[in-house]
Amino acid sequence: MLPDTIRYFLSKRGKLAKSITEAGGFIKSSDSVNRPDVQLHMLPLLFDDSGRDLKLMSNPGYSVHVCVLRPKSSGNVTITSADPFAAPEIDYNFFADPDDCKAMVDGIRQARRILAAKAFDDYRGEELHPGADRQSDEQIIEKVKEKVGLVYHPVGTCKMGTDRMAVVDPQLRVHGLEGLRVVDASIMPRLISGNTNAPTIAIAEKAADMILEKAEGCDI
Ligand SMILES: Cc1cc2nc3c(=O)[nH]c(=O)nc-3n(C[C@H](O)[C@H](O)[C@H](O)COP(=O)(O)OP(=O)(O)OC[C@H]3O[C@@H](n4cnc5c(N)ncnc54)[C@H](O)[C@@H]3O)c2cc1C
């Protein structure tokens with residue numbers, strides 16, 4: 001690690017100059033879906049517990065992260081106290097919907113198929129998770145539930161819309177309040193099919209236009 005650190009500081013090259021996600025892709029988990037429902041992130045290192053498992057990471061290896069796009073399960077954020085500084089309770093409610101389990105299991109099978117390619121023959125080691133001995137749907141999903149992690153794209157806690165659960169209207173104004181808008185990833189009614197940073201910037205650009213148009217006397 002020290003030589004890598006020195007190399008990075010001297011030349012901005014080497015392992016530390018690389019992105020943690022070297023490759024990725026959007027795939028269909030099976031032929032029964034009509035558009036990609038799984039995103040793969042491919043990492044040139046052994047990655048577990050959101051990178052907290054440094055012991056594992058110090059060994060050579062590679063990982064593929066399988067992410068279910070557009071999950072049907074939705075969770076809750078609950079206020080726990082009148083104290084605004086008290087942390088809320090967050091329940092992601094992962095895999096409550098059986099369709100999410102199916103997409104994940106099928107996605108893992110696709111990732112296994114990719115990693116079984118001849119090009120990996122010289123590098124392949126033992127499969128750590130879910131583990132080669134886990135082949136049935138039940139065995140795979142059991143391990144997934146134990147190891148589940150995030151790609152940090154939660155949305156929807158202040159969803160835009162006009163139904164009972166909507167927090168903001170289509171102009172991002174909070175229902176029932178004057179002079180307050182929410183402009184961030186939380187207004188997305190559902191998770192989009194990919195990473196959330198660029199769409200959040202698009203939401204902000206659109207909101208800036210709406211606010212400026214209102215300021216110029218146009219009530220939208
Ligand atoms: C580890 C990680 C990796 C990610 N990687 C990617 C990626 O590779 N690609 C991608 O597209 N997306 C990625 N995302 C998701 C992306 O960062 C978010 O979707 C996006 O930043 C959401 O924007 P936001 O404005 O809703 O919230 P944020 O970006 O979280 O902005 C909220 C802001 O509010 C500020 N704030 C909080 N409380 C207060 C307060 N009380 N007063 C004043 N300010 C406050 C915070 O400091 C912060 O600046 C990643 C997220 C994480 C956590």
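Is Lys 143 buried or exposed? I looked it up, and Lys 143 counts as buried, with 14% relative accessibility. My cut-offs are under 20% relative accessible area for buried, over 50% for exposed, and partly exposed in between, with a 1.4 Å probe and protein chains only.

**Ground rules**

I am working on a predicted model, where local features need pLDDT of at least 70, side-chain atom pairs count only at pLDDT 80 or more, and totals for chains, interfaces and linings use all residues. I number residues from 1 along each chain as its sequence is written, and side-chain values use heavy atoms, with hydrogens and water left out.

**Salt bridges**

I count a salt bridge when a side-chain nitrogen of Lys or Arg is within 4 Å of a carboxyl oxygen of Asp or Glu. By this rule I get 13 salt bridges.

Lys 143 pairs with Glu 146, with 3.2 Å between the closest N and O atoms. The two are three residues apart in helix H4, so about one helical turn separates them. Glu 146 is exposed, at 54% relative accessible area, whereas Lys 143 is buried. For helices I take DSSP runs of H or I with at least four residues, for strands runs of E with at least two, numbered from the N terminus.

Next I checked Lys 72 and Asp 99, whose closest N and O atoms are 2.4 Å apart. This pair links distant parts of the chain, 27 residues apart: Lys 72 sits in the loop between strand E3 (63-68) and strand E4 (76-78), and Asp 99 in helix H3. Lys 72 counts as exposed at 52%. Asp 99 is partly exposed at 39%.

I also noted Lys 159 and Asp 163, which meet at 3.1 Å, N to O. Asp 163 is partly exposed, with a relative accessible area of 38%.

**Backbone**

Most residues other than glycine have a negative phi, and most peptide bonds are trans. I therefore listed the exceptions.

Lys 12 has a positive phi of about 60°. I find Lys 12 in the loop between helix H1 (2-11) and strand E1 (23-27). Asn 93 also has a positive phi, about 55°. Asn 93 lies in the loop between strand E5 (89-91) and H3, and is partly exposed at 31%.

The bond from His 129 to Pro 130 is cis, with omega near -5°. Pro 130 belongs to the loop between helix H3 (98-115) and H4.

**Second largest pocket**

I read about 510 Å³ for the second largest pocket. It has 15 lining residues, and those closest to its centre are Lys 15, Leu 16, Pro 44, Leu 45 and Met 57. By class I have eight nonpolar, four polar and three charged residues in the lining. A pocket here is an open set of points on a 1 Å grid where a 1.4 Å probe fits, with protein on both sides within 12 Å along at least five of seven lines; lining residues have an atom within 4 Å of a point.

I followed up Leu 45, in the loop between strand E2 (38-43) and helix H2 (54-57). Leu 45 is buried, at 17%.

**Nonpolar patch**

Val 77, Ile 90, Tyr 92, Phe 94 and Val 148 form a surface patch with about 420 Å² of accessible area together. Patch residues have over 30% relative accessible area and no salt bridge, and nonpolar side chains are joined within 5 Å. Val 148 is partly exposed at 32%, in the loop between helix H4 (137-147) and helix H5 (197-215).

Notes:
Points joined across faces, edges and corners; volume = space filled by probe spheres on them. Nonpolar A, V, L, I, M, F, W, Y, C, P; charged D, E, K, R; others polar. Patch = residues over 30% accessible without salt bridge, like charges linked within 9 Å, V, L, I, M, F, W, Y side chains within 5 Å. Areas by Shrake-Rupley, 256 points an atom, 1.4 Å probe, with all protein chains shown as cover.
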